[in-house]
Amino acid sequence: AQMDGPDDPHQPPRDIPHEHSDLPTGPVPIGRLAPAHEPPTRLEDVAAGLPQSSPHQHLFSTHKYKRHVRCTVCRGLTRTIERCEVCYLNSHTACVDRVDVACCPSNRQLVPNQVLAHHFVPWTLFWGKTCAACHRFIKGFFPIAAVCSRCLLHVHPQCTSTLSAHGECRPWFQFRWPSLSFPEVVALVNTKSGGGQGAALCGPLRRWLGREQVFDIRETETALRGVCGDNSLVVVCGGDGSVGTTLGTMATMNLRAPVGVIPLGTGNDLARSLSWGGGYEGEPVLPLIKDSVNGKAQMLDRWTLRIQTPAGVEEKTLTNNFSWGIDPRISWVFNTARQENPARFSSRSWNKVLYLQIFHQCSRDNPPCLEFPLTVDGTAVVIPNNVVGIAVVNITSYAGGARLWRGPLRLENGAAASPQKLDDKIFEVVGFRGSMHLLLVVLGLQKAVKLAQGRELSVQVPQGKELCFEIDGEAWKQR
């Protein structure tokens, strides 16, 4: 295998012009009918990749409240109910087909200090509120109030038509973040990541960005071709594999838009390196969009990996890490088990427990032999006899947060080393002395063996030898 220099890094984002909303100027009554009475969409259908046919459709999923709420249609009380993930409208399962209230429109085109029309949605009140129109108390046992989905204004349902004389709507988030605007943001969601977190994010993302701006990760090329330009921002909701696929598609399409990440994977090493955190824990979506819009652009090296076999030459793109030996063997067994029984790997925490079990099983096997030529920038690298795993790292995080290049900046042969950066066009080569040493390095109790730094790497595997390799979390066996 041979690694050449990095591809051209992404350019920093440019100033994004504001777009004014073309929404109606009058208040929207609470009883407005959805166009053509289209049937609602289930969140499970979105997770399966089925799009919504209308921007006014609700996106329902089963939700269990701690308190009783009323159905919008029949006004019955219940705790387990169908809730729209966009406008938070509640309805019984048997009543969803009779919902005659349109879902809230997109907030994507809002600009600072913009005055809009109210959009009212019926909500159940758990505590008392005063009507903003008639200034009377909204009475009743779990009463239903008309609540604006933008400014959270509470009024009686019968007072919505008289609210035009009491001021217009100003979105609530503009009071908290006056400078927040919504540029051309495209969200790519891996609905299968994070044990269903990706599917749950579809509703809030469609509420703030618009349904036409949220796509499944399987529609990456279609989404980028249709709406993404030089002044756009791409937000990827998924693991490192989803981010790498998006970056590869953008490179193929010659797009230079910045990319933000909402980490939903298991390790999320790329998100950790870019200060996006180790995983999404159910935080509000709007601050994450704000961080993506106002974040600082960071260049990132990307490398080309060429695998030459008697059958031909295959090229891959490296974004995170490339390794061979003991660690890829564990990843290959883990990925094989997950493909055979995907229901068993249902959450990030449980995946880590299963990974430790597989790690314990593989550590009892005979370690792989790595006694074959390795050169970096044309210079042969001496591999210690006790090294059973080698990793070529491009980012600062490895295996869920481990820092492999920490400690004294000096190589194993005594030569000086430079600090690790994401955009220095240099990769780092480290080694592991065994499975237990690998575990201690991941836990931060020991340091990896620093072998080399460079811009071009070549490794030759003898014919007939089978070895496990891994690139950006994708492990395979190579002969």
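## Close-up views of a predicted model

**View A. Thr396 counts as buried, at 18% relative accessibility.** Buried means a relative accessible area under 20%, exposed means over 50%, and partly exposed lies in between, calculated with a 1.4 Å probe on protein chains only. The structure is a predicted model, in which local features need pLDDT of at least 70 and side-chain atom pairs count only at pLDDT 80 or more, while totals for chains, interfaces and linings use all residues. Residues are numbered from 1 along each chain as its sequence is written, and side-chain values use heavy atoms, with hydrogens and water left out. Thr396 is located in the loop between β18 (389-393) and β19 (427-432); helices (H or I, at least four residues) and strands (E, at least two) are DSSP runs numbered from the N terminus. The Thr396 side chain forms polar contacts with the side chain of Ser273 at 3.2 Å and with the side chain of Arg403 at 2.8 Å. A polar contact is a pair of N or O atoms within 3.5 Å; within protein, one must be able to donate a hydrogen and the other to accept it, and residues adjacent in sequence count only if both atoms are side-chain atoms. With neighbours within four places in sequence left aside, the residues in contact (heavy atoms within 4.5 Å) with Thr396 are Ser273, Ala402, Arg403, Gln420 and Leu422.

**View B. Thr160 occupies the loop between β8 (154-155) and α2 (173-176).** The relative accessible area of Thr160 is 6%, so this residue is buried. From its side chain, Thr160 reaches the backbone oxygen of Pro157 at 3.2 Å.

**View C. Strands β3 (residues 59-70) and β4 (residues 77-84) run antiparallel and are joined by 7 bridges.** Two strands pair if DSSP finds at least two bridges between them. Across this pairing, Lys64 stands opposite Thr80 in β4. The hairpin of β3 and β4 has 6 residues between the strands, and Arg75 in this hairpin takes a positive phi near 65 degrees. Strand β4 is also joined to β5 (residues 90-91), by 2 bridges in an antiparallel arrangement, with Arg83 opposite Asn90 in β5. In the hairpin of β4 and β5, 5 residues lie between the strands and Tyr88 has a positive phi near 65 degrees.

View D. Strand β9 (residues 185-189) pairs with β10 in the parallel sense over 3 bridges, and Val189 stands opposite Asp216 in β10.

**View E. Helix α5 (residues 240-252) has 13 residues.** From first C-alpha to last, α5 reaches 18 Å, close to the expected 18 Å at 1.5 Å a residue; the expected span is 1.5 Å times one less than the number of residues. The buried residues of α5 are Asp240, Ser242, Val243, Gly244, Thr246, Leu247, Thr249 and Met250. Just after α5, Asn254 takes a positive phi of about 60 degrees.

**View F. The sulfur of Cys131 has its closest cysteine sulfur in Cys134, at 3.6 Å.** This distance is too far for a bond, a disulfide being a pair of cysteine sulfur atoms within 2.5 Å. A search of the whole structure finds 0 disulfides. Cys131 is buried at 1% relative accessibility, whereas Cys134 is partly exposed at 30%.

**View G. Val449 is placed in strand β20 (residues 449-454).** With a relative accessibility of 2%, Val449 counts as buried. Val449 and Phe432 are 17 residues apart in sequence, and their C-alpha atoms are 6.3 Å apart in space. Leaving aside neighbours within four places in sequence, Val449 is in contact with Glu412, Val429, Val430, Gly431, Arg433 and His437.
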